[in-house]
Amino acid sequence: KPLDLQVATTAYIPAITDSQIKDTLDNSLSLKQLDDKMTYTKKDLKKATDSTEKSTLKNDLKGYELQYDNQVTSIKNTLTAYRSSLIDKQNAYLSAQNSYNIALQNFNIAKLKHDLGLLSDMSFNNEQITLKQAENSLESAKYAYYFAKANYEFYQKGTVLTVYNTVNTMN
C-alpha cells in the first residue's frame, strides 16, 4: 500500500525571506569552517613578526574571505533552486491530480457503458489501464513533491536529504 502523504498542494509557496536566508547561512557548516579559518588567520596575523609570514597570512585571509562570499552566494542560489524545484513538483502533482480525476471520470463512464453492453471488454480494459497509469503517476508526483519539500526544509536547517537521490540513481 502506498504511503499516505499529506500533500498540501493548494498552499502558496512564499518567496524566500531574509530570515530564511539568515537561518540557512547560520546553519551552514562550510561557512562556519571558513569563519573559523578567518578567525585563526587573524589571530596568527596579529602574532606574526616576519613580513613574509604577514604577507602570506594576509593573502590567506583574502582567499578565505573570497571563499566565504562565494559560499554565501552559492547557498542563496541553492536555496532558490530548492524552492523552484518545490514549486515545479507541486505543479506536477496538481497536473497529475487533474489527469487522475479525468481518467477516473472516463473510467466511470466506460464502466457504465460496459455494464449496459455498449462498450467492448477490450475498450473497458483500456480504460482500467489508463486509470491505473494515472493513479501511478499521481503517486509518483506525490513522492516527488514530498522529497522536494523535505530537501527545501532540510537545506535551511543545514541538512540535505539525499535518500531520494540515492534511490533514483540506483534504478
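Me: What makes a helix crossing left-handed?

Reply: A crossing is left-handed if the near helix is turned anticlockwise from the far one by less than a right angle. In this predicted model, H3 passes H4 in a left-handed crossing.

Me: At what angle do H3 and H4 pack, and how far apart are their axes?

Reply: Helix H3, residues 51-115, packs with H4 at about 160°, and the two axes are 7 Å apart. An angle over 145 degrees counts as roughly antiparallel, so H3 is roughly antiparallel to H4.

Me: How do the residues of the contact of H3 with H4 divide?

Reply: The contact of H3 with H4 comprises 22 nonpolar, 13 polar and eight charged residues.

Me: How do the axes of H1 and H4 cross?

Reply: Helix H1 (residues 18-26) and helix H4 (residues 121-156) have axes that come within 7 Å and cross at roughly 70°. H1 is therefore roughly perpendicular to H4.

Me: Which residues make that contact?

Reply: From H1, the contact involves Gln20, Asp23 and Thr24; from H4, Tyr152, Tyr155 and Gln156. Two residues of the contact of H1 with H4 are nonpolar, three are polar and one is charged.

Me: What span should the residues of H4 have, and how far apart are its end C-alpha atoms?

Reply: At 1.5 Å a residue, the 36 residues of H4 should span 52 Å. The end C-alpha atoms of H4 are 53 Å apart, which agrees with that expectation.

How values were computed: Residues are numbered from 1 along each chain as its sequence is written. This is a predicted model: local features need pLDDT of at least 70, side-chain atom pairs count only at pLDDT 80 or more; totals for chains, interfaces and linings use all residues. Side-chain values use heavy atoms; hydrogens and water are left out. Axes are lines fitted to C-alpha atoms, for helices over the stretch in contact, and angles run from 0 to 180 degrees between N-to-C directions. Helices (H or I, at least four residues) and strands (E, at least two) are DSSP runs, numbered from the N terminus. Angles under 35 degrees count as roughly parallel, over 145 as roughly antiparallel, 65 to 115 as roughly perpendicular and the rest as oblique. Contact means heavy atoms within 4.5 Å. Ala, Val, Leu, Ile, Met, Phe, Trp, Tyr, Cys and Pro count as nonpolar, Asp, Glu, Lys and Arg as charged, and the others, Gly among them, as polar. The expected span of a helix is 1.5 Å times one less than its number of residues.
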